[in-house]
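Hi,

Here is the structure I promised to pass on. Have a look at it first, and then read my notes below.

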Amino acid sequence: MTNHIINQSANISPFPAETPVGMCYVPFQQWETPYAENVALERGTMFPSLDLPFCGREVNSNGRE
């Protein structure tokens with residue numbers, strides 16, 4: 001589950017105002033309270049919204065799973 005954070009007080013959306021269909025884009029990252037330093041080092045990111053689970057598979061050196 002991904003939480004899209006919207007700054008309601010400033011009426012700022014993480015997406016551009018006129019985002020065309022079929023175009024790649026990256027939403028603006030909204031400021032949020034970062035993790036404490038020790039947690040950020042452990043999790044690999046300082047922002048909770050970027051702390052996503054890894055759902056891939058390990059690949060060995062010859063490219064096979």
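Is D51 buried or exposed? D51 is buried, because its relative accessible area is 17%, and buried here means under 20% (exposed is over 50%, partly exposed is in between, all with a 1.4 Å probe and protein chains only).

Before you read on, keep in mind that this is a predicted model, where local features need pLDDT of at least 70, side-chain atom pairs count only at pLDDT 80 or more, and totals for chains, interfaces and linings use all residues. Residues are numbered from 1 along each chain as its sequence is written, and side-chain values use heavy atoms, with hydrogens and water left out.

Now the overall picture. The protein chain has one helix and zero strands; both are DSSP runs numbered from the N terminus, with helices being H or I of at least four residues and strands being E of at least two. Of the 65 residues in the chain, 11% are buried. The accessible surface comes to about 6,200 Å², and carbon and sulfur atoms own 55% of that (Shrake-Rupley method, 1.4 Å probe; for residues, only the protein chains shown count as cover). If you take the contacts with a separation of 6 or more, 8% of them link residues 24 or more positions apart, where a contact means heavy atoms within 4.5 Å.

Back to D51, which sits in the segment after α1. Its partner in a salt bridge is R43, with the closest N and O atoms 2.7 Å apart. A salt bridge needs a side-chain nitrogen of Lys or Arg within 4 Å of a carboxyl oxygen of Asp or Glu. The structure holds one salt bridge. In general, side chains of opposite charge can pair when their charged atoms come close. R43 counts as partly exposed because its relative accessibility is 46%. The side chain of D51 also has a polar contact of 2.8 Å with the side chain of Y35 (N or O atoms within 3.5 Å; within protein, one must be able to donate a hydrogen and the other to accept it, and residues adjacent in sequence count only if both atoms are side-chain atoms). Leaving aside neighbours within four places in sequence, D51 touches Y35, R43 and T45.

The T45 side chain reaches the backbone nitrogen of F47 at 3.3 Å. Not counting residues up to four places away in sequence, T45 is in contact with Y35, A40, L50 and D51.

Next, the rings. How many aromatic pairs are there? The count is one, using Phe, Tyr and Trp (its six-membered ring) with centres within 6.5 Å; planes under 30 degrees apart are stacked, over 60 edge-to-face and the rest tilted. W31 and F47 form the pair, edge-to-face, at 5.5 Å centre to centre and 80° between the planes. W31 lies before α1 (37-43) and F47 after α1, so the pair ties together parts that are 16 residues apart in sequence. W31 is exposed at 64% relative accessible area, whereas F47 is buried at 13%.

Finally, find E32 in the segment before α1. E32 is buried, at 12% relative accessibility. The side chains of E32 and S49 make a polar contact of 2.5 Å. E32 and F47 are 15 residues apart in sequence, and their C-alpha atoms are 7.0 Å apart in space.

Cheers
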